[in-house]
Structure formats: structure tokens, C-alpha cells
Amino acid sequence: MKNIFLTFTLLICFYNFAQENIVSTENHLKTSQSWVRRTFASVNESNDDFSVYLQDEDSVYGYLFDVNYEKVGELKAKALRNKYKTFLGSTSTDKVHFTYFSNNKNTKFSLQSFDFENNLSETKEIDLNLDNEKFLQSFVNKNIFYILSIGKDQSVINIYVFNNEDFKRHVIDLSKITFLNWRKIKTSLYKILDREDVFAKIENGIPSSILNSFNSSKLYLNNKNIFITLDQQFAHTDIISIDLDDFSHTHDSITHNQQDIPNLKFKGSNSFLVDNKLFQTSIIEYEFVFSIKDIETKETLKELRFKNDDVLSFKNGELTLDKIEKKRTKKFLKRATNDIVGLNVFKRNNGYEIELGSYQIQADVNMSTVIFSNLVGSFVSVSGDLIFTPSQPSFGYSSYLYNASINSNTFSGVLNSDLEFNSDEFTENAFDKIKVFSEEKSKFIRAENVFIYKGNMFFCATIKDSKSFLIAKFDN
């Protein structure tokens with residue numbers, strides 16, 4: 001069906017953002033007066049269809065688009081029960097899309113299907129009981145939906161693999177691995193992870209926020225494998241790899257390039273995994289160490305050390321330290337010993353954009369709000385709407401917005417594919433572009449959502465005071 005565009009005035013407003021492709025369609029299925037509370041999307045990787053959903057108080061309006069952004073299906077369905085506010089992800093079969101939801105505590109789950117070919121929708125509650133387990137994360141890989149949990153007081157991870165509302169549990173027994181708490185006393189993986197809400201989820205091609213990337217427990221999605229990294233111990237990074245084909249697993253430990261001082265209280269370390277490279281950083285007694293290692297050979301591919309007499313730059317050895325730089329370095333190192341330490345790496349154009357340092361929550365920021373953002377992926381958009389979308393990349397974008405709510409103590413740089421210095425400045429990524437677009441158009445839009453389609457970021461939002469919604473493409 002032919003797309004219906006906005007009025008001439010609004011078109012001029014939106015198309016002033018000239019480098020993006022913007023389409024607007026009328027939500028003509030909507031007859032109620034209640035405003036749309038949220039939008040979400042589903043992508044069919046097998047046939048390149050994608051669907052966009054708009055939900056108000058009573059109904060969900062689904063629209064199916066083909067690769068040319070032409071509307072090829074539509075469907076109105078009854079909204080899920082109010083408790084299912086958290087969109088976890090979606091899968092699809094031909095023209096049937098399956099969307100998964102949970103309550104805010106991730107203890108109750110539901111499935112809603114949209115059959116665009118037969119104009120049918122069905123809602124089913126999922127009989128998954130996590131009373132004796134802790135929800136860790138959900139994700140979609142190769143059109144299959146997964147939920148990860150861990151048994152209480154155990155070192156056993158459960159992976160639930162879904163086929164629509166049905167699921168099968170696979171047990172990953174990690175009890176033979178020695179896990180130590182911060183006092184270096186043997187404990188369970190559950191107790192180590194219980195200090196944080198969920199795994200930070202990292203996905204290739206999607207920028208990550210400081211809040212997400214500086215988490216000490218991360219889940220990486222990589223083709224048929226998932227990787228779990230644990231940085232609760234200062235001296236090393238634990239890496240657990242799980243094959244999603246046969247659910248075999250491996251464990252390895254990669255030490256930091258810095259000697260630990262056990263009784264020293266103010267110290268920190270963290271890591272970030274990209275492909276087969278582990279980026280690590282640690283600080284102890286005013287020395288900040290950054291290294292890149294091959295996770296298979298454990299060979300150090302690059303190392304930088306920063307002390308009071310060093311310039312904070314990835315081309316460190318080539319620069320002369322003046323009074324201003326010396327003061328900055330001392331302040332950076334002093335703060336880092338007291339803050340949350342970490343690094344953020346985004347592989348782009350065969351290079352690596354790296355942000356290195358620490359952060360603390362600003363005194364005027366509600367800490368529980370920020371934690372809740374990381375847990376369920378909620379964020380208050382610039383238009384004031386509360387959106388619940390922890391599935392990638394909406395989760396990444398929502399936490400990306402919270403970067404403005406933290407007091408960062410970092411420096412950045414770009415390394416090329418040979419891990420040599422390339423630049424001090426990052427180029428604008430898709431999230432940066434979306435943020436600017438959203439802020440500039442905040443008077444006209446609400447109920448925002450971000451999804452990835454054919455390698456590019458797409459932004460969806462409803463148009464205020466109309467029945468229309470827009471879809472905008474942003475190149476990575």
C-alpha cells in the first residue's frame with residue numbers, strides 16, 4: 001500500500017534533517033482517543049520484512065513493511081495485560097511475528113503473535129517459573145529467542161530456548177570453576193552476580209553506553225556463541241563461552257598486566273571483548289594500565305601505562321607534558337581509584353573507538369532511576385514518554401541517553417586495524433544522529449523506539465496530534 005505522508009509543514013520540518021530517509025504512515029486502524037504509549041518493532045531476517053507496532057491503552061496496531069518500506073500488511077489486536085510492560089524481543093516465521101514480553105521484575109512472561117497473512121493475533125502466557133532462579137538476560141540469535149537465568153546460590157546457568165510459547169531448558173554447569181568474592185573467598189557464581197541486576201548486553205555493530213560497558217558482568221552475542229565476561233576480581237577476567245548449537249562451554253581466565261596488591265582498597269579493573277581481542281584496563285596506586293590481548297594465545301598485542309608524568313592519550317609517547325596536562329593526569333588518576341573503572345570499545349570501519357577511564361553518578365541524579373534504566377531498558381525520552389524496551393538496540397540507545405546523567409572521567413582515542421593510533425576524535429555514530437534528531441523534533445513526536453534493520457539503525461515514533469507515525473533510517 002502506498003505510504004501516506006504528513007502535511008506539507010511537518011514534511012519540511014522532518015526533511016530538514018536531509019541526510020536521513022524518512023517515511024510517515026497513517027495509523028488508520030486506530031479509532032480510540034487514547035494516546036499511543038509505546039512503539040516496538042520486529043524484523044524478519046529470512047525475507048527482509050519488518051513490522052512496527054503502536055500500543056495505546058486498549059489496542060496494539062501492527063504494520064508490516066517490505067524491503068522497499070512499502071506497507072504490505074496491517075493488523076489490530078488487543079493490548080497485553082498492563083503488567084507486561086517490558087518488550088524482550090521478537091522472532092518470525094513467514095508473515096507471522098512473535099513478540100515476547102515480561103513484567104518489570106522479569107518473573108512473568110507472555111507471547112503475542114501477529115499473523116499478517118490471515119489477519120489474526122493471539123496472546124499466550126508462558127509457563128516459565130523462575131522462583132528459584134535469577135533472570136540474567138534475554139536475547140534473540142538467528143531468529144530464536146533465549147532467556148538466561150542462574151539458580152539461586154548455585155553456579156549453574158539455565159538457557160531457555162523458545163519455539164513460540166514452548167521452550168526447552170539447557171543447563172550449563174559451572175560448579176567446577178572456582179569463583180571468588182571480593183574477599184577472595186570461594187563462593188557461587190550466583191552470589192557474585194547478585195551484586196548487579198543483570199548482565200550488560202553487548203552486540204556487534206551497536207554502540208554501548210558507559211553505564212552498560214563499565215558493568216563488571218557482560219554478555220556478548222557473537223554468531224552461534226555467547227561470551228560471558230566477569231571482572232569482579234581485580235587480577236583477571238573470567239571468560240565463559242557457550243556454543244548455542246550444542247550448549248558445550250569453555251572457561252578461561254586472562255590476567256591483567258598489573259600486579260595486584262591484595263590489601264589495597266582503592267583499585268579497579270574491567271574489560272571489553274571485541275572479536276577475539278580482550279581490551280583490559282586497571283588502576284592501582286596511581287598507575288593506569290591499558291592492554292589488548294588475543295584471547296586464544298593470551299599474547300599482549302598492545303599495552304599503555306599512564307602515570308602522573310604521562311599525557312592521557314593513545315599516542316602517549318609522542319606528546320610533551322605541560323602544566324595543564326600534568327594537572328589533568330593527576331586528577332584523572334586520583335578520581336579513577338574511587339570511581340567505577342572500565343572501558344568502552346566500538347569496532348567501526350575496521351578500527352576501534354575506545355573510551356577509557358571511570359565514572360560516578362552525579363549527586364543530583366536519582367540512582368534508583370539509573371539502575372532501573374539498566375535493568376529494564378526504560379528511559380524518559382525528550383518528549384517525556386516512558387518507554388520499556390530492553391531488547392537491542394533500544395536498550396543500548398536508552399542507556400546511551402543516560403550518559404548525560406553521569407560524571408565521566410575519561411579520555412578517548414581511535415586505533416586502526418593494526419592497533420596503532422589513528423585519531424583522538426570519534427566520528428558521529430547512529431545513536432548520536434538519532435539523539436540530535438529526537439531532540440530537534442521533540443515538539444512533534446512521542447513514543448520513540450529504535451531497531452536495527454539490514455545493518456542500519458531505524459527510529460520510530462508517533463506524530464503528536466495526529467494518527468501518523470514516522471520511520472527514519474540512520475546509517476551507522
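Student: Which residues does His-256 touch, not counting residues up to four places away in sequence?

Tutor: Contact means heavy atoms within 4.5 Å. By that rule, His-256 touches Asp-231, Phe-234, Ala-235, His-236, Thr-237, Ser-269, Asn-270, Gln-280, Thr-281, Ser-282 and Lys-293, not counting residues up to four places away in sequence. Please note that this is a predicted model, in which local features need pLDDT of at least 70 and side-chain atom pairs count only at pLDDT 80 or more, while totals for chains, interfaces and linings use all residues. Residues are numbered from 1 along each chain as its sequence is written, and side-chain values use heavy atoms, with hydrogens and water left out.

Student: What is the mean pLDDT of the protein?

Tutor: pLDDT is the predictor's confidence in each residue, from 0 to 100. The mean pLDDT here is 86, and 87% of the residues reach 70 or more. Over residues 1–19, however, the pLDDT is below 50, and it stays under 50 over residues 367–391.

Student: Is His-256 buried or exposed?

Tutor: Buried means under 20% relative accessible area, exposed over 50%, and partly exposed in between, with a 1.4 Å probe and protein chains only. His-256 is buried because its relative accessible area is 7%. Ile-261 has a relative accessible area of 34%, so it is partly exposed.

Student: Where is Ile-261 found, and which residues does Ile-261 touch?

Tutor: Helices (H or I, at least four residues) and strands (E, at least two) are DSSP runs, numbered from the N terminus. Ile-261 is found in the loop between β20 (249–255) and β21, and His-256 is found in the loop between β20 and β21 as well. Beyond four places in sequence, Ile-261 touches Lys-267, Ile-284 and Glu-285.

Student: In what order do the four strands form the open sheet?

Tutor: Strands of a sheet pair through backbone hydrogen bonds, either parallel or antiparallel. Two strands pair if DSSP finds at least two bridges between them. Here the order is β21-β22-β23-β24, with antiparallel pairing. The edge strands, β21 (267–274) and β24 (300–306), each pair on one side only.

Student: How many bridges join β23 to β24?

Tutor: Six bridges join β23 (residues 287–294) to β24. Ile-292 stands opposite Lys-302 in β24.
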